[in-house]
Amino acid sequence: WNVKFNTTAFPIVRTGTDPKHIPHANIHSCIASRGVCSPFVANSPGLSTHTAALKGDITVVGDEGTVSFSSDVRLTEEQYTVIAHVRFYVPHADSSMPNVKYDIAIGTSRNVLPQTTLCDPGWVYNVDRDECTICPAGTHQDRLNCTLCSKGTYGPVAGLSACIPCEEGYTDTEGKTSCSACPDKTQRRPSSP
């Protein structure tokens, strides 16, 4: 996420023991149905979360300053108010006074959808890689996971949302990519899954 400043209107100064133009920037997420969301709400399970505070310096071109941050925000399925919060300081008009602190925030409403709706059938969402992954042959999509085909079924190709039933007289082994005939003098019971 990026923040742009008019550096003529806001001549931002570096502050703190590790001087940066922006000594504090983070993302706050509040469940919309729980009331007001503010950057000053602490982490509260079931109410709000915020990412770790980041620091950064502004790149100035002309009278425009820009700073970029990256934050991973992991949220459960819900509607949220999401706020980007940035703190900075400008010199006080009276140089004998301390710098003036600004906390600015901008929010938006976002719905976090169930992970099953993020990918096509037969695919599951991989949170760590932030991408959809196809379920391999011998498995099928079961809500958020790829699950082995159960006994009496098979998955001949990758990307199945359901496994295919074997005909009667075929093996009861999980995770099969094809049906195998039961050994001589044995048979799969039609009632077994």
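Trainee: Is C135 buried or exposed?
Mentor: C135 counts as buried, with a relative accessibility of 0%. Please keep in mind that this is a predicted model.

Trainee: Which cysteine does C135 form a disulfide with?
Mentor: Its partner is C146, and the two sulfur atoms are 2.1 Å apart. The link of C135 and C146 is left-handed, with -85° about the S-S bond. C135 sits in the loop between β10 and β11 (139–142) and C146 in strand β12 (residues 145–148), so this pair ties together parts that are 11 residues apart in sequence.

Trainee: And is C146 buried or partly exposed?
Mentor: C146 is partly exposed, at a relative accessible area of 30%.

Trainee: How many disulfides does the structure hold?
Mentor: The structure holds five disulfides. One of them joins C119 and C132, with the sulfur atoms 2.1 Å apart. That link is left-handed, with -90° about the S-S bond. C119 lies in the loop between β8 and β9 (123–126) and C132 in strand β10 (residues 131–134), 13 residues apart. At 10% relative accessibility C119 is buried, whereas C132 is partly exposed at 29%.

Trainee: What about C166, which cysteine is it joined to?
Mentor: C166 is joined to C179, and the S to S distance is 1.9 Å. The link of C166 and C179 is left-handed, with -90° about the S-S bond. Both C166 and C179 lie in the segment after β14 (164–165), 13 residues apart. C166 is buried at 9% relative accessible area, while C179 is partly exposed at 24%.

Trainee: What is the pairing when the bonded cysteines are numbered in sequence order?
Mentor: The pairing is 1-2, 3-4, 5-6, 7-8, 9-10.

Trainee: Changing topic, how many residues of β2 are buried?
Mentor: Nine of the 10 residues in strand β2 (residues 22–31) are buried.

Trainee: Which strands does β2 pair with?
Mentor: Strand β2 pairs with β7 (residues 78–90) in the antiparallel sense over eight bridges. Within that pairing, N26 has H85 as its bridge partner. Three bridges join β2 to β3 (residues 48–50), also in the antiparallel sense, and there C30 is partnered by S48. Two bridges join β2 to β4 (residues 54–56), again antiparallel, with A25 opposite L54.

Trainee: What else does A25 touch?
Mentor: Leaving aside residues up to four places away in sequence, A25 touches W1, A52, A53, L54, F69, H85 and V86.

Trainee: Which residues make up the largest nonpolar core?
Mentor: There are 11 residues in all: V3, F5, I12, I22, A25, I58, V67, F69, V86, F88 and V90. The elements giving two or more residues to this core are β1, β2 and β7, and the largest share, three residues, comes from β7. There is also a second, separate core of five residues, which includes I31, Y80, V82 and A84.

Trainee: Now the aromatics: how many pairs are there?
Mentor: The whole structure has five aromatic pairs. In one of them, W1 and F69 are tilted, at 5.2 Å centre to centre with 40° between the planes. W1 lies in the segment before β1 (2–6) and F69 in the loop between β6 (64–68) and β7, so the pair ties together parts 68 residues apart in sequence. W1 is partly exposed, at 26% relative accessible area, whereas F69 is buried at 7%.

Trainee: Why is the pair of F10 and Y102 edge-to-face?
Mentor: The planes of the two rings stand at 90°, with their centres 5.3 Å apart, so the pair is edge-to-face. F10 is in the loop between β1 and β2 and Y102 in strand β8 (residues 100–112), so the pair ties together parts 92 residues apart in sequence. F10 and Y102 also belong to one aromatic cluster with F5 and F88.

Trainee: F5 again. Which residue is its bridge partner in β6?
Mentor: The partner of F5 in β6 is G65. Strands β1 and β6 run antiparallel and are joined by five bridges. They belong to an open sheet of three strands in the order β1-β6-β5, with antiparallel pairing. Its edge strands are β1 and β5, each pairing on one side only.

Trainee: Last one: where does D63 lie, and what does it touch?
Mentor: D63 is in the loop between β5 (59–61) and β6. Not counting residues up to four places away in sequence, D63 touches F5, N6, T7 and T8. The C-alpha atoms of D63 and T8 are 5.8 Å apart, although 55 residues separate them along the chain.

Conventions:
Residues are numbered from 1 along each chain as its sequence is written. This is a predicted model: local features need pLDDT of at least 70, side-chain atom pairs count only at pLDDT 80 or more; totals for chains, interfaces and linings use all residues. Side-chain values use heavy atoms; hydrogens and water are left out. Buried means under 20% relative accessible area, exposed over 50%, partly exposed in between (1.4 Å probe, protein chains only). Helices (H or I, at least four residues) and strands (E, at least two) are DSSP runs, numbered from the N terminus. Two strands pair if DSSP finds at least two bridges between them. Rings of Phe, Tyr and Trp (its six-membered ring) pair if their centres lie within 6.5 Å; planes under 30 degrees apart count as stacked, over 60 as edge-to-face and the rest as tilted. Contact means heavy atoms within 4.5 Å. A nonpolar core is a set of buried Ala, Val, Leu, Ile, Met, Phe, Trp, Tyr and Cys residues joined through side-chain atoms within 4.5 Å. A disulfide is a pair of cysteine sulfur atoms within 2.5 Å.
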